[in-house]
There are 6 protein chains.
Amino acid sequence: MMGKVVGFGDFILRLSPPGYQRFLQATSFDVNYTGAEANVLVSLGLNGIETEFVSRLPSNAIADTAILSLKRFSVGTKFIARGGERIGTFYLERGASQRPSKVVYDRKHTAIAEAKRQDFDWKVIFYGADWFHFTGITPALGENLPEIVEDACIAAAAAGVKISCDLNYRATLWTEEKAQPVMKKLVQYVNVLIGNEEDAAKMLGIVPENTNVTAGELDFSSYASIAEQLSKQYHIEKVAFTLRESTSASENNWSALLYSDNNCYQSRKYRIQLVDRVGGGDSFSAGLVYALKKDWDPQTVIEYATAASCLKQTTEMDFNLSTEAEILNLAKGDKSGRIQR
Amino acid sequence: MMGKVVGFGDFILRLSPPGYQRFLQATSFDVNYTGAEANVLVSLGLNGIETEFVSRLPSNAIADTAILSLKRFSVGTKFIARGGERIGTFYLERGASQRPSKVVYDRKHTAIAEAKRQDFDWKVIFYGADWFHFTGITPALGENLPEIVEDACIAAAAAGVKISCDLNYRATLWTEEKAQPVMKKLVQYVNVLIGNEEDAAKMLGIVPENTNVTAGELDFSSYASIAEQLSKQYHIEKVAFTLRESTSASENNWSALLYSDNNCYQSRKYRIQLVDRVGGGDSFSAGLVYALKKDWDPQTVIEYATAASCLKQTTEMDFNLSTEAEILNLAKGDKSGRIQR
Amino acid sequence: MMGKVVGFGDFILRLSPPGYQRFLQATSFDVNYTGAEANVLVSLGLNGIETEFVSRLPSNAIADTAILSLKRFSVGTKFIARGGERIGTFYLERGASQRPSKVVYDRKHTAIAEAKRQDFDWKVIFYGADWFHFTGITPALGENLPEIVEDACIAAAAAGVKISCDLNYRATLWTEEKAQPVMKKLVQYVNVLIGNEEDAAKMLGIVPENTNVTAGELDFSSYASIAEQLSKQYHIEKVAFTLRESTSASENNWSALLYSDNNCYQSRKYRIQLVDRVGGGDSFSAGLVYALKKDWDPQTVIEYATAASCLKQTTEMDFNLSTEAEILNLAKGDKSGRIQR
Amino acid sequence: MMGKVVGFGDFILRLSPPGYQRFLQATSFDVNYTGAEANVLVSLGLNGIETEFVSRLPSNAIADTAILSLKRFSVGTKFIARGGERIGTFYLERGASQRPSKVVYDRKHTAIAEAKRQDFDWKVIFYGADWFHFTGITPALGENLPEIVEDACIAAAAAGVKISCDLNYRATLWTEEKAQPVMKKLVQYVNVLIGNEEDAAKMLGIVPENTNVTAGELDFSSYASIAEQLSKQYHIEKVAFTLRESTSASENNWSALLYSDNNCYQSRKYRIQLVDRVGGGDSFSAGLVYALKKDWDPQTVIEYATAASCLKQTTEMDFNLSTEAEILNLAKGDKSGRIQR
Amino acid sequence: MMGKVVGFGDFILRLSPPGYQRFLQATSFDVNYTGAEANVLVSLGLNGIETEFVSRLPSNAIADTAILSLKRFSVGTKFIARGGERIGTFYLERGASQRPSKVVYDRKHTAIAEAKRQDFDWKVIFYGADWFHFTGITPALGENLPEIVEDACIAAAAAGVKISCDLNYRATLWTEEKAQPVMKKLVQYVNVLIGNEEDAAKMLGIVPENTNVTAGELDFSSYASIAEQLSKQYHIEKVAFTLRESTSASENNWSALLYSDNNCYQSRKYRIQLVDRVGGGDSFSAGLVYALKKDWDPQTVIEYATAASCLKQTTEMDFNLSTEAEILNLAKGDKSGRIQR
Amino acid sequence: MMGKVVGFGDFILRLSPPGYQRFLQATSFDVNYTGAEANVLVSLGLNGIETEFVSRLPSNAIADTAILSLKRFSVGTKFIARGGERIGTFYLERGASQRPSKVVYDRKHTAIAEAKRQDFDWKVIFYGADWFHFTGITPALGENLPEIVEDACIAAAAAGVKISCDLNYRATLWTEEKAQPVMKKLVQYVNVLIGNEEDAAKMLGIVPENTNVTAGELDFSSYASIAEQLSKQYHIEKVAFTLRESTSASENNWSALLYSDNNCYQSRKYRIQLVDRVGGGDSFSAGLVYALKKDWDPQTVIEYATAASCLKQTTEMDFNLSTEAEILNLAKGDKSGRIQR
């Protein structure tokens, strides 16, 4: 499967106080251009997969800069519609120990939020593609977005393009009530469904038993059962969950599972000393898509995706800058962190 | 005149690449909370004048930080209405030599843009005040703003509060066609009118003769004549103009004039090696209001305001952090820049 | 209890090499204005309590800057006497793992060290106040300071103002022999006494049994017993201790106890991945004062103060910038550190 | 002329102390990937011209990073041969006023210095190209380089591709004696020859009269005459010279001339407050190639190239990040540096 | 033993992205001059031991800067031969958690690599010395280096100077096949042999049993046995090993053993939260040499060396800036990391 | 004259907000260890002159760091007495254009201020020396200092050591009334007297005619006449004056004159775009001492000293890091600032 991967979503500025400064202390913000789907494409582009990012961004120097940040990683940008008022932003204060990270969103009225169906000619976009990735953030961005995402799914399906979706519930963008009908419809087109320990409940109404996400311990078997339910209910080939055990803002346990062909494959669990956990889920999706395109066996697939996303969380900013060689080294078991001279 | 000065306007984030970096190079932005009227109040608050800033800002941690940046300089914040979606931002790339500074605005849909007349109880606000300052930016911010500014002017006038207005034309917020009827109406309430070399033409349709603002030479007598016309036509006590001769993005000539009681007073002209020219006009307004409240003679008034704004432009960020003593030292003629041990 | 909180003490510059640099490596110092009592007021001011800081600072631009750093958090500064030679400084090198943090003090001959009794009109100062806070640092600062602090205590008591004292022994300022007679006298005025695991012994001569503060394990019952002794011996309403178990310069255990009405309440114990532990005790005092003013029950009080000081230690610099909402969230048990979007 | 522009040369790290620090003071170096030909392609790529960079770089993570810095600006990198020991570096200390900038080169034994003729298949490389650019640095880099550059010229000529050459004499790479025979041979293939005020003498042995490059005044007519001689002697269509008058390390005069069709066109002269003068010549070459590809008239061509390189020198680092619109704005005469809102 | 310590080796630039940035993210590199033997001398010089560093460096401003960095710590530099083409560099990306640190070397063709025997007059150099230290890196640097190191050893032995050698295998400089004959010869001159958990196998062909260095658990008795074998086989007085258990790139266990007079002394084991682990081995060697020169007992010696190298790893950059007092404090057991006021 | 140069004075921390930040904006201070006499020795040490710095500094880690900053430049530190309470500090805010630089001193109660005569054994100190340098700052530092400086002068004279003195009046340390009797006495021992445009008047009561130092124009002949008077009145061999014309805080004119053997030699005048003007006078003294020790002719001496101090003012921080070669290049007339590759 050597075709192009298409992603569709927003692309925004992340503005973060340096180090562990709080908003009240910052005299500068580190800036990072980010978006759930774009982050996936960057990981793929860096590792030699052809990619194309579809979005809508305004015609100004900040959006130009954002676009160049994608080109650097060989992500195609020619289907980014230009127009609209603004590029979204959000402010991220990094937590530590018992102090949680904090996000202030400012992503309404963005160019993509005001996109129209005719902004995107999906037939042309999917030419040469064999994979389409989107997340549950995209349909939440604006009035026309559910319809536009469905257009994309229909065109992808018609072109024989595989569809992956990371559920990615964002309470600041919509409510569960608004999200569920949209997502239940879109999920029907999906071949590979990805979620974290909260998404299935919020987006599709399927609740894990015996689990309290703030308590720092997750029960694998509950998630395996949810994955199976989702796979059966929506006829989805593969369902993957990341499982984060948050014991503090500085250290997390991280593992994942993959439900595929009636089996559930469980990854190693990593105890991560976090550098920057944002983008962890996106790097998992990227690892999953990459490994599935390579036709690796399911256990290798889930180990690769988990190792990829573990490495992301030890890396500053939202892009996962790890190479296949680095990810495989970890996926195969060397987590000693010894210097590589 | 020892009463409180009230200002009304927006308060937003300025995000600037450090030093002379272009947007394309920035991995961080210096952050600075700013607003034309707030900047005036900060200068006054720092020098012991009681002030009160009226605005509308959302309820989030970034707006909280913005408000604390005002408190630091003793600017009153209790009449800032909280609500709405977002705090505005703009991106500023600092120019050098022949390369101009560049601004990308993102200040639509802000909390103040969606303000309603009932958000502000002007009678209460003006209690204890003797001065009201606003700029031509405020009525440009949203649908209801012209009306709200007029409410404020009427209340101020009723309370015997002096009104100063800095015309401050911003082409990115409205057109001359939209601006002129609004401003012509509001100017009727104004006691002290302030503008730069372009404002009178753009805001009130009065064009200076013999002047090309990009050519680097301005003709004083033209501006004196415009000031006189404005004073007579709108029955304004005092009209002041700042006159910037831009010979490059690194060095400018800066001077000003004050039309008062049928006379025109001209300040010294400074050749400024610019550190940060943004906020130059605001610091001039602050100097003018401060000097007028002190009841100094007109020549001292215009020298003080010009020296204040000269010093601002040798200072990073939008606030003028100069003290009365520093400003007077320059206004009285010591521009040697010798170390003060 | 909605009255004003008055604090009295020094306010100095903290100069710290960035990150984990040693003094020998620093080409710059991060600067932070700090003082044990001022830090308490900042926490209170940020959370809406009216405060007034009493001190003495020289008339120069650095002291002016220090004062504005307090205004930003709504701390009243009108009773800060101006005069004297210098503002104090200290140098702080941040430790890591087995390498301890290191402090070089330069806080002699400061303005407050040379203060005179007549610099402070306590009757005026306590007008409208219902709480007075000082620490054991203040009487150690200069010859007249024990007397001045006693003046303040007498005036506070006369005005029905509650008095809290954080013992805060500093071996670089005085010896145990010098400290004990002073503190034993002052403690008689105190309603709420605060200390850490070493203070009671050093300041008041009461030694815990079975405890070695460098061994990383503390015995609660010993401290409970000391608290009870202190309460009985000096007729103090409430005695609180913070208990730090230093296992390394990077991670500490942190908990506290409150003796009140013949009962001893013990807080949760936090394992903190330290960002900046300086100011931990001050934020505890602030949390305690805040919670006591709210008339919460003793268990809530001690949980609140402990959570507040836990959050401080995950925050850069000496001020605790946490809000009531953030502190309560932790105090109620969510220590997962998950991102708050 | 919408074909691809090919460049061939080295690509190295520039390591510079921040700001005006001297080497002895630096605890960090700003890093910038640069090369004379690559810089030209970046300017073209940023403005929509298709480009391809040919070079040889080692297989390591630093060279990977260098390559990504080109992709960001749409510069093609697929003909960069990978192999060899090292990527070159140089250290640049920025001068100020009377203190000159200082360069320490470390660019021997680089991958390209050890390139072999068979590393480059010029026929394939020039497929779809209509322009080839190289500088006098490339043949100086290693033993085989003169031959490889000639291979490229022959292939380019055979494919009807225009050839531009920037003479760019570097005394640290070779001597005039070594350079002249090589360059005299290569120049015979060249259609557009570019040089600065010293190059013609050093590289081709043609000396301007009446000029002392360190004295800060250059004589246009001498350079016009040299351009004419070069054009006639080597049958070169167009010859362009940049003329730098160095009055200090902080301010230079900058202008240029173009000899074309028996006429000599002279540009405006700019007084530049320098931000970073390195890369000035490369940005001139890029402007020239861009303007010639647009088929603009000779005066516009030389004004465009001069304005482009003026703007570069007001920009940090070696890449010229100016857009066509920005360059034209200056080329047409607005050098006021006024803020563009 | 109060004589001078001589070290012989290379001295190069370490270029590291700040914090946890990856190479791909760095816009600057922190710079640090380093070399295995020089690092040892810096530790000694800082603590009052007379030292002399022997090396070869080019005549340029970067090498001058490197040399001054040694003078600062009282390291003698008068026997550094000047000449050759370049000073070496390497790029270091700091790892975190499961992501390993990464090194890209660029240290071929350096001045020392091209040194000749006649560059060093060992008889003069060892005048007044009583100790010579080198590492296994030095003979790997260039063709003549094994012979030059042997010259030094012969001269040292002749002058009654003790010789210590840190095996320090570097796979990027030579292969085990090339290294073993060289090192087996040089080791015969050595009085004190130092290695880490991999060196003995790679350099001298002696493999520990039952140990997997990437698994995070080391078996002391195996290393004791190797030390004994080495001591006996090569007639070496003292053999010391550092033992690193890498559980992640952020936390390691660190201990050491010393074989001396038929006994094996084992140090405390430290769990280190790593700040910068590079230079850990060098600081161990320095601690060992220092303690042996002080004639302390073997257990104190190994505790001192281990504590010294523990502290280094909590310190930024390659130099160990710890003083004897700081090291002894830890060596004696206070690892609480409490603030030292 | 190849003997050692001894300097005697204070050594303190300079704390400066980065760039053009005002004190009110600084969240960090750049740190720089400095002292008028030490600065002179650093310039000499860097250029191969043996030097010894005599002072008194406390026993703490900050003073240790200060001392190492001198060792780096080969300045001898073995006669620095250790003891006393504190190392001095001062805060420096860098001016720009019309905004002057601002200094806040905190240098009372320092170790040297409390020095006693017995702290310094001048006979031992001057062993091997042929030059002694001090400034008018040293006797102003404390009660015993005038006597100690006179001790040094007497010992120097007895040992045949030349004495240079830079008058360096500091109004924050003493008054003209206090200074004049002290300095008039000390000047009698001086062979080479150095001053700036204000010093002679303030320190020795000799006023230049026709000059206003804040007006930006100085009259050479007045200063020549003062130099002659001083030389004659106090039997001083050589008198040198630096002449600063401050037209702004960003640009100054800088020149100097030397009165020697009844002639007055005038240097070139430089228009300096200032980077950091502090330390300009010290670097002039260093250049003068250096050139006089080389026995160059008077015109070369004054050109060298002036060029040295011109270069200092284009360099960050107080040390002049220029080499003889760099200074001679400028002294001989190349002020073009062209890149030196």
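Here are questions and answers on a predicted model.

Visitor: What should I know about numbering and cut-offs in this model?
Guide: Residues are numbered from 1 along each chain as its sequence is written, while chains are lettered from A and ligands numbered from 1 in the order in which they are written. This is a predicted model, where local features need pLDDT of at least 70, side-chain atom pairs count only at pLDDT 80 or more, and totals for chains, interfaces and linings use all residues.

Visitor: What is the mean pLDDT of chain A?
Guide: pLDDT is the predictor's confidence in each residue, from 0 to 100. In chain A, 97% of the residues reach 70 or more. The model as a whole scores ipTM 0.94 and pTM 0.96. For chain A, the mean pLDDT is 95.

Visitor: How many residues of strand 12 of chain F are buried?
Guide: Strands (E, at least two residues) and helices (H or I, at least four) are DSSP runs, numbered from the N terminus. A residue is buried if 20 or more other C-beta atoms lie within 10 Å of its own, exposed if 12 or fewer, and partly exposed in between, with C-beta atoms placed from the backbone. Strand 12 of chain F spans residues 238–246 and is mostly covered. Of its nine residues, the buried ones number eight.

Visitor: Which residue stands opposite F:Arg244 in strand 13 of chain F?
Guide: Two strands pair if DSSP finds at least two bridges between them. Strand 12 of chain F and strand 13 (residues 251–260) of chain F run antiparallel, joined by nine bridges. A hairpin of four residues links the two strands. Opposite F:Arg244 stands F:Trp254.

Visitor: Which residue of strand 12 of chain F stands opposite F:Val192?
Guide: Strand 11 (residues 192–195) of chain F also pairs with strand 12 of chain F. That pairing is parallel, over four bridges. Facing F:Val192 is F:Lys238.

Visitor: Is F:Ala158 buried or exposed?
Guide: F:Ala158 is found in helix 4 (residues 145–158) of chain F. Its C-alpha lies 9.8 Å from that of F:Phe126, 32 residues apart in sequence. Around F:Ala158 there are 11 other C-beta atoms within 10 Å, so the residue is exposed.

Visitor: Why is E:Ser322 classed as buried?
Guide: E:Ser322 sits in the loop between helix 9 (298–312) and helix 10 (324–331) of chain E. Its C-alpha is 7.5 Å from that of E:Ser43, 279 residues apart along the chain. E:Ser322 is buried because the other C-beta atoms within 10 Å number 27.

Visitor: Which element gives the most to the side of chain C that touches chain A?
Guide: Two residues are in contact if their C-beta atoms, placed from the backbone, lie within 7 Å. By that rule, 20 residues of chain C are in contact with 24 residues of chain A. Strand 15 (270–273) and helix 9 (298–312) of chain C each supply at least two residues of that side. The most, three residues, comes from strand 15 of chain C.

Visitor: At what angle do helix 8 and helix 9 of chain C cross?
Guide: Axes are lines fitted to C-alpha atoms, for helices over the stretch in contact, and angles run from 0 to 180 degrees between N-to-C directions. Residues that meet include C:Gly280 in helix 8 of chain C and C:Thr300 in helix 9 of chain C. The axes of helix 8 (residues 280–293) of chain C and helix 9 of chain C come within 7 Å, and the crossing angle is roughly 145 degrees.
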